[in-house]
Amino acid sequence: RRLGEADAVLICVPTPLGEHFEPDLSYVETCGTCIGRSLRAGQLIVLESTTYPGTTRERLLPFVLKACTDSNVGDSIFLAFSPEREDPGNQTHVMASIPKLVGGLDPASTIAAS
């Protein structure tokens, strides 16, 4: 319910590998449905889970749009991907020194996520 109050919603859920080393995106898809139900104009949704290129557009976006009634990416909502950039246990490259990458589905989403 309270997702609609946030200006930005960051998704960082597990994407475990299956038997054939394909990621299980059911957690990402479920998040898309939950977010879509309470989505409001102007919100930014950023997928940060480890996954393959295209997941945001091909797997997350359809679940968000199916669950909400009125949204246009880059017009009323913003959608971006920003992969996790951590290396747990690495003492040389700590989180503060690792650049954060962000890419939106369109120019407006990229600007909103930057």
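Biologist: What makes the 15 residues a nonpolar core, and which of them touch the most other members?

Modeller: A nonpolar core is a set of buried Ala, Val, Leu, Ile, Met, Phe, Trp, Tyr and Cys residues joined through side-chain atoms within 4.5 Å, where buried means under 20% relative accessible area with a 1.4 Å probe on protein chains only, exposed over 50% and partly exposed in between. In the largest such core, of 15 residues, I11, I35, L39, I45, L60, V64 and L79 touch the most other members. At least two residues each come from β1, α1, β2 (43-47), α2 (55-67) and β3 (77-81), and α2 gives the most, with three. This is a predicted model, in which local features need pLDDT of at least 70 and side-chain atom pairs pLDDT 80 or more, while totals for chains, interfaces and linings use all residues. Residues are numbered from 1 along each chain as its sequence is written, and side-chain values use heavy atoms, with hydrogens and water left out.

Biologist: Why is F21 called exposed?

Modeller: F21 has 66% relative accessibility and therefore counts as exposed. F21 also has a positive phi of about 65° although it is not a glycine, whereas most residues other than glycine have a negative phi.

Biologist: How do you know which residues of the lining of the largest pocket are nonpolar, polar or charged?

Modeller: Ala, Val, Leu, Ile, Met, Phe, Trp, Tyr, Cys and Pro count as nonpolar, Asp, Glu, Lys and Arg as charged, and the others, Gly among them, as polar. The lining consists of C12, E48, E84, R85, E86, M95, I98, P99 and K100, and it therefore divides into four nonpolar, no polar and five charged residues. A pocket is an open set of points on a 1 Å grid over the protein atoms alone where a 1.4 Å probe fits, with protein on both sides within 12 Å along at least five of seven lines, and lining residues have an atom within 4 Å of a point.

Definitions and conventions
Helices (H or I, at least four residues) and strands (E, at least two) are DSSP runs, numbered from the N terminus.
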